[in-house]
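Notebook open, structure loaded. I want to jot down what I look up as I go.

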Amino acid sequence: MPPPAPTQVIMEAWVKGVNPKGNSTNPSNWDFGSSFFFAGTVVTTIGYGNLAPSTEAGQVFCVFYALVGIPLNVVFLNHLGAGLHGHLATLERWEEQPRRSQLLQILGLALFLTLGTLVILIFPPMVFSHVEGWSFGEGFYFAFITLSTIGFGDYVVGTDPSKHYISVYRSLAAIWILLGLAWLALILPLGPLLLHRCSQLWLLSRGLSLKDRGAPEMDGLPRPQKIPISA
Amino acid sequence: MAPGPGLPASLALCRPAAQATPDYRAPKCAVPGTLLLLLAYLVYLALGTGVFWVLESPAARDSSARFQRDKWALLQNFTCLDGPALDSLIRGIIQAYQSGDIVLDNTTSMGRWEFMGSFFFSVSTITTIGYGNLSPRTMAARLFCIFFALVGIPLNLVVLNRLGHLMQRGMHRCARRLGGAWQDPTKARWLAGAGALLSGLLLFLLLPPLLFCHMEGWSYVESFYFAFITLSTVGFGDYVIGMDPSRRYPLWYKNTVSLWILFGMAWLALIIKLILSLLETPGRSCSCYHHSSKENFKSQSWRQNPDGEAEPHSPQPGCHPEEPMGIMQHPEPSTHVSCCGKDN
């Protein structure tokens, strides 16, 4: 039987997660750290794909693992972010508060959002770019694609065989991913809320009534004293 | 179950009857729960680590060894080739593959970014599947990809939410009809739920792999694995339909698959939401969830319309009978669930 064409062999090896650029004594890609990282990408549905199960048993296990792991991840992320919502409860009586504290609350919310964006979306990509040798644009692209759980896999941290990473690097990256996801779960209703509050404030300052602006898309922050949210 | 006393029925929001204060979510409820959950999460990840390690490591080592053997055999057979030149060729092949060129075909085709390929890429982006077998290389395309996803992902969630809502309403209508015929609403609901689960399973997870088997030449297990990984939006990209240059795909193929992805994701999200509601039922006071975020507009308008969506099957104290129809298609942007007491 003629040997398979070298290009085909290379691509098959690449798809199976083997790095063809490596040298002869190459450890398997599936060491402990990589497996842990892989389990994380399954459960968060990021799914980079630079490493994926190639045995049938691995694939079947992956399906059932994800079936339990994805709801677990959802519950976990929501609990992580649960702390802020108690604070949001104070925003219920927002309309009755004096103007100054309304402004303060809006400012506080905006500050929180900005700081969070910096810490989650700006600083880590800078670190990754520096360590991995990417440009900042590539690092930011990686951060966005990861945190939105799209996870193309064209950029993955800690997978360059020619670099030496400190041992906690991937664990730190994993922690960043979890925190980033939890933070996203937190702020996604906050953004529209902030806009809504700003628009209400603007309307108030124009002397218009708030009664007509019971914008029901402001999610789960009911205003019991307001108009009932009707279809 | 009725909401707390004194609330107009039209509000019908999740409100645990016992809680009067807005910040009832006392720390003693949340913190041990969070730590326990963190522990469970880490244990689950460790379990996955161990199993994948055990299952995949030997196979990858074999594959790696085989590749190294073939490489050395090639170098021996063709003595004009030397190691570094071969390595640079390998790097070039990998890069070309990653940027979407077809490396095995020697015809000058348009590459993989033609119309259907780009359409499929857009689908995989806004559904957050993100296969990655094709990903933008130019910085401009990446920038566009970011903004495209920023708008597309919420749009996708809204659409999925609406689809799931329609599915659930259909299910409840069946339940009601059955309940009327049998005079037993609870059993009818369970039956309708089971029926929806089974029919969805068949339609979205068990039958389409047969199609993929046939069109792509994968085994059934591989096709099922592909189907699940796609619908759960994990989307590794190790299996992607329509990527084999040696096959001819009919025109309806990729379109049908896109439709399947859409409806299948809505169904799977519905199932996961039901699983979550079952997980959360056992008496945790913080466990009354409802979905906030922009989907809630639709879900609230639907919640006020309890036409026959009768009794709860998850008896959470004081909660609205109907679980609100948010979609949790994937963790964070979509499933913004929050403890209902906190929001009341």
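Predicted model: local features only at pLDDT ≥ 70, side-chain atom pairs only at ≥ 80, totals over all residues.

How much of chain A do buried residues make up? I get 53% of its 231 residues.

Next I looked at the fold of chain A. I count 7 helices and 0 strands, so the pattern along the sequence reads α-α-α-α-α-α-α. For contacts with a separation of 6 or more, I find that 61% in chain A are between residues 24 or more positions apart. The accessible surface of chain A comes to about 10,300 Å², and carbon and sulfur atoms hold 68% of that.

Then I went for the nonpolar surface. I found a patch made of L111(A), L115(A), L118(A), V119(A), F123(A), M126(A) and F136(A), together about 650 Å² of accessible area. Helix 5 (residues 99-132) of chain A gives the largest share, 6 residues. I checked one of them, M126(A), which lies in helix 5; its relative accessibility is 42%, so it counts as partly exposed.

E138(A) pairs with R142(B), with the closest N and O atoms 3.9 Å apart. E138(A) is in helix 6 (residues 136-147) of chain A and R142(B) in helix 4 (residues 139-182) of chain B, so this one joins two chains. R142(B) is buried, at 3% relative accessible area.

K71(B) and D87(B) form a salt bridge at 3.0 Å, N to O. K71(B) sits in helix 1 (residues 27-77) and D87(B) in helix 2 (residues 83-98) of chain B, so the pair ties together parts 16 residues apart in sequence. Buried or partly exposed, I wondered about K71(B)? At 9% relative accessibility K71(B) is buried, while D87(B), at 23%, is partly exposed.

How values were computed:
Residues numbered from 1 in each chain as written. Chains lettered and ligands numbered in written order. Heavy atoms only, no water. Patch = residues over 30% accessible without salt bridge, like charges linked within 9 Å, V, L, I, M, F, W, Y side chains within 5 Å. Areas by Shrake-Rupley, 256 points an atom, 1.4 Å probe, with all protein chains shown as cover. Salt bridge = Lys/Arg side-chain N within 4 Å of Asp/Glu carboxyl O. Helix = DSSP H or I, 4+ residues; strand = E, 2+ residues; numbered from the N terminus. Buried < 20%, exposed > 50% of the residue type's maximum accessible area, 1.4 Å probe, protein only. Contact = heavy atoms within 4.5 Å.
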